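Dear colleague,

Please find below the structure that I am handing over to you.

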Amino acid sequence: MHPLLAAHDRPLLLMGNEAIIRGALEAGIGFVSTYPGTPSSEIGNEFFRMHAEAGVHFEFSTNEKVALETAAAAAAAGVRSLVAMKHVGVNVAADPLMTLSYVGVRGGFVLLTADDPGCHSSQNEQDNRHFARLGKIPMLEPATPADAYRLIREALELSEKYETPVILRTTTRVAHTRGAVRVGVLGDRRTRGVFISDKKRFTPVPGIAKLRHPVVEKRQAEIEEAFNDSPLNREWGEGSFGIVTSGVSVCYVTDTIKRLGIEDRVRVLHLVTTYPTPRRLLAEFVQKVERILVVEELDPILENEVRSACTRAGKLVPVFGKESGHFSPLGELGPDQTAAALGQLLGLDLKTVQPSVPTGLPARPPILCPACPHRATYYAVKLAMGDQPLYLSDIGCYTLGFMPPIGLGEYFICMGSSASSGGGFAAVTDKPVVSFIGDSTFFHSGITGLINSVHNRRDLLLVVLDNSTTGMTGHQPHPGNALPGHPAVDLETMVRAAGVEQVATINPLDTRASLEAIESLKNLPGVRVLISRSPCPIYARKTLREPARETRYTVDQDKCRICGREGMGLQCELHLRPHKDYALARGRARAKGGPRTSEEYLAFAPIKMQHPPCEAACPLGLCVQGYIQHIAAGRYREARTLIRQRLVLPHTVCRVCHHPCEVVCIRGESDEPLAINRLKRFVMDRETDEDRTAYLTWLKERLTEKGKRVAVIGAGPSGLSCAVDLRLRGYQVEVFEAEDEAGGMVRFGIPRYRLPLEALRKDLNFIRDLGVEIHYGRRFGTDVTQTSLKKEGFAAIYLAIGQQGPVRLGIEGEDLPGVQDALSFLRVTNRGEAARQGGEALVVGGGNTAIDAARAAIRLGARSVTILYRRTRLEMPAIRDEIAAAEKEGVQILELTEPLRIVQEGDRLSAHCRRTRLGDPDESGRRRPIPTDEVFDLPCDRLFVAIGQQTALPADGLGQIAFDRWGRLKADPRTGATGEPLVFAGGDAASGAASVVEALRWGKYAAYGIDLALADDPQKVLIEAWRDNKELLREPQPQPVDLEREPRRRAPELPPEKAVAGFDEVEGAFSEADAIAEARRCLACGVCAVCNNCLENFGCPAFYREDGQIHINPILCDGCGVCVQVCPNGAIVPLEMSASEARS
Amino acid sequence: MKTDGTTRIYICGVGGQGSITAGRLLGEAALAAGLPVTVSEVHGMSQRGGIVESAVLIGGALSPLIGKGDADVLLAFEPLEALRAIEYCSDRTTAIINTRPIVPFSVSLGQGKYPELMEILSQLRGLMKRVAAFDATSLAEQAGHAQAINAVILGALARSGATPIEENALRRTVVESVAKKNQETNAKAFSLGYKALAGQAE
């Protein structure tokens, strides 16, 4: 037997809702209807379970209006009836309720409204006491479960006596509080009634309604009089301070009086019959006191009644409450507020000290359950529709979809609103509109909105999330369920009958089929309905008694593409950003045969590499794949952060880098390689001053000062790189630069058409703003020395003096006027001090300096420029694109040629040259030039020597630092350490002329070495792990696949004829469309595809991140298997397949 | 404020852990012992893995809620939620805390960091009269089912002597609240909780 039907001789611990049920049963209730809603739901649940046993008519009605109308009819036929709903349900039922007050009832009729002050589970905290006033309907308010048990009978009897509906109002803290209830015996009940026609009453046409109104008024007066003397209202205490209260507030009042020890100072009036207000009772109370505090939740309704009672009593006592600010109209009341108000008014010192909750604790919002089919539907819709549409939600479990990570649902107001407001938005906005609505909610009040949208031809996709139950409130049935004696109403039939032609039904657990169905509806005009049907797993198990799923899933860490390299000092927090692009997942969901597109390749890539070649080849170890994937997804800020984390001069490097990453790009094996550096340029160009400031602030917030000073010699790339890293490690850094400007070789060696000053300045300003100080005109060895710096208090020195000295040809005529080392020429040019010069120029050399000098000479007016190189183009160390660009601009390249001497011929020069041929490779791996007998003369006006640089060693001050025969300082590339303690060196000065990124790399490792040497606790030094590029590049690569060719995007360039006219930047930037398209060519060969799809787009709570990996909690996993389809990398597998992993 | 002879027990945890049941069982046991009792619960959204709080007041108070700093006992089914409940506690409070964390999904999304357990406990210990912290989840698993955490916690509560309910009365309620086949698990869990507290430094 159901416990609420049994006899009990001991008190029961009943919840308020249960107490009402028992009370109603004892009072002979014959008909109960409800629509579930917290905090009233248990009433329906328990009646549903035991109504047959109890012999009571019970129904879960379609909505609250329907529930009220059926119960009212039962009561009209003389059967005692109860209709229960949450506070907002009364809004739905308000139409019949207002007129029911006019026509009245015959059998007792009680409307139970469960209000929710504090919005524990509601969309508002409306005060339903207003409904009593609006409808002139008597209202009783219990304070405890025992009260509720007692008052339901009182309410039914009151209703029957005056033939009026009566409202019983609870609040969350009554409905969901358990207390001792001593129950009585179940009485007889009447479940069959007879409706005796009375057209002058039950057919309220205007003429009859008019006649009923005076009946209502008379009834009001009679009931008020009865309430004035009702024993339900109680008064106690003594003293001149009055308290008027009702509902649960009386509990707070009673306890507080006791704890404050003020029993002898206060007089309390507790009202249970709160409407019609017992005004005489209030007026009498006013006479007994001098001040009154009204303690009630939400609106100051009682407070105003007390004020008006003062007027009636002719005694104006001060009334405190909401208006006086002692209580708030917001939220629910509690002992704290009650004690504070009483304490203040009675002049008590409460001395409350309470600890506060630490700030910043992670939130724990409710979330859709594991295996919830709604999540699968949301995922498929998001995949198919993207971020474009306006997503509307409705009321039910699925409302939770508005929160991260699903994030769908931007608007809802009440049950059923999505179908109608979707039509409204469609009428006036340009976005596609997608509305989500639950099955129960759709029956409740969505169907009318749907009909409206059909009839008004709105473009709307309505997704009915049909989980076969009313999930949020505890799995109550709805009209779509077939139960014994309750035939099911078929959703699809109903939707079609409403005039919807485009209807599809999907099983959301099948992602691909769902995706196809949604895409087929996506772009159609008019109202389309997608019925997504899969039962709530809890309902399936508990109610449908379906067996639990056996399978559990786990993550195959070898296939998961979340970044696993956090340990290498790459402080990547970026995979945690919302994932706006679903390309990966789409690739998997749509995979087909034939050559694979990038998306499909990504989805099915056979292996993932720890270090994709692009990153492996980068001297700095930039997470190339990471920033490319971010660009592909339009997350430019994240891409820049990833770049800036390891790259000190991003605006410079994105223009001048020799990009070894592109040479090894795996796409390059069967297609053109990715335009990596231009993508970097694209994303850096989009950086605004605000972005830069924001990142700078972010960096500074994380910086802890170490209170030690380090001197850096040379403001070239290597020096600046070291300075910035040291600064970030907490050191005070001062840079001493011989020139009057910073930048070293990138400032003076690289022409402006490759690197506009503006770009370099952005980088230099950033470094300055980070707090790195640069002193200009201070040459090492003369202006500053080791000794002077140590004397000034610098704890360590980094020598990055570069290679500013030219290597000479060592041939006759090298000192003739008109012969110049290319670097000096470029330095003058880059200062803007070079004069225009016509004539013919020769450049000797094959590196970037040779190309730069050649292209600069053309811009300065040279009629022709010829590069002489003793090997062939293939061996030229210059950047390929640069060679090509030079040739486009008219530079000739004479391969296999070396000058033997230079002679003056009149006012011109003549280079006497020799032809060479290629022999065996030398130690550099390039084929060695071998002289031949062929000689010839080349007349020219100028000749630039660009065959290399050497370190210009300072006159003094190297101390114990050793150097080799080319003048290169000996330093450990892993730390920058030299033979001299606390003096470090790197960059070109140590390596010989090398690339910018190579120089930056020296600075980075030297900063690490210096930090290690100076730190108080070397254990705590952030490790800059050594990266051996060659070793990293040996990692096995995925097998080549049949890849669909996608041509490399080209950025615009100045046409050669315009380019040579000046020093404007030649290379343009990608358009956004091209950049994204180019970035999407990336095959994401490495572990990190910045994929966080399962967490960010799907968000099953069984998933969690730990130690940089994603795992599935097998206890929470419910085996729905949707994640297997969601994972773009095929990394989710049944647990059995990796049992060992599960065990660990 | 004066004491009023009521023991106020604040219970917190995560949806699905059974903390609401623990409150109800305490209420049943109090009622069976003839003590006046009020139990309040919050339903609704809290069921979906959210925060669940309830309050049990034994001894005559009518309020369904506990004021800030006014809990005599804190039963925390999860350590982060224990910390969140600190505002209900004072130097009068006895706390029984399950140390097994349930990391909120928001943390996996990078929205916040789960505090270190030691940090949580030291904050609680700095405030309260007594903090008993142990892995109640593994004791429940040891007893036979993770769902028996509430029996473990109530066993520890019985040992603490922080409520007027006698151990045997509480044990009986806890055991008899479940179907016959699960009674042994609950009895064992209750005993393990009881012993866990006995083993803790007073």
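I begin with the charges placed over aromatic rings. A:Arg375 lies over the face of A:Phe1098, with 5.8 Å to the centre of the ring. A second case is A:Arg644, which lies over the face of A:Phe766 at 4.1 Å from the ring centre. Please bear in mind that this is a predicted model.

Aromatic pairs

Over all chains, the structure holds 17 aromatic pairs. In one of them, the rings of A:Tyr411 and A:Phe425 have centres 4.9 Å apart and planes at 85°, so this pair is edge-to-face. The pair links distant parts of the chain, 14 residues apart: A:Tyr411 belongs to the loop between β15 (390-392) and α15 (417-428) of chain A, while A:Phe425 is in helix α15 of chain A. A:Tyr411 has 32% relative accessibility and therefore counts as partly exposed. A:Phe425, at 22%, also counts as partly exposed, and the limit under which a residue is called buried is 20%.

The rings of A:Tyr1005 and A:Trp1026 have their centres 4.8 Å apart; their planes stand at 55°, so the pair is tilted. A:Tyr1005 lies in helix α38 (residues 996-1014) of chain A and A:Trp1026 in the loop between α38 and α39 (1029-1032) of chain A, so parts that are 21 residues apart in sequence are tied together by the pair. With 1% relative accessibility, A:Tyr1005 counts as buried, whereas A:Trp1026 is partly exposed, its relative accessible area being 30%.

One aromatic cluster is formed by A:Phe47, A:Phe48, A:Phe58 and A:Phe60.

The sheet and its helices

Chain A contains an open sheet of seven strands with mixed pairing, in the order β3-β2-β4-β5-β7-β6-β12. Its edges are β3 (57-60) and β12 (273-275) of chain A; each has a single partner strand, so one side of each is left without a neighbour in the sheet. Within the sheet, strand β6 (residues 139-140) and strand β7 (residues 166-171) of chain A run parallel and are joined by two bridges. A:Met139 stands opposite A:Ile167 in β7(A).

Two helices of chain A lie across strands of this sheet. Helix α2 (residues 41-54) lies across β2 (31-34), β3, β4 (81-86) and β5 (109-115) of chain A, and runs at about 130° to β3(A). Helix α3 (residues 64-76) lies across β2, β3, β4 and β5 of chain A, running at about 165° to β4(A).

With kind regards

Definitions and conventions. Residues numbered from 1 in each chain as written. Chains lettered and ligands numbered in written order. Predicted model: local features only at pLDDT ≥ 70, side-chain atom pairs only at ≥ 80, totals over all residues. Heavy atoms only, no water. Pairing = 2+ DSSP bridges. Helix = DSSP H or I, 4+ residues; strand = E, 2+ residues; numbered from the N terminus. Contact = heavy atoms within 4.5 Å. Axes fitted to C-alpha atoms, helices over the stretch in contact; angles between N-to-C directions. Phe/Tyr/Trp six-rings, centres within 6.5 Å; stacked < 30°, edge-to-face > 60°. Buried < 20%, exposed > 50% of the residue type's maximum accessible area, 1.4 Å probe, protein only. Lys NZ or Arg CZ within 6 Å of the ring centre and 35° of its normal.
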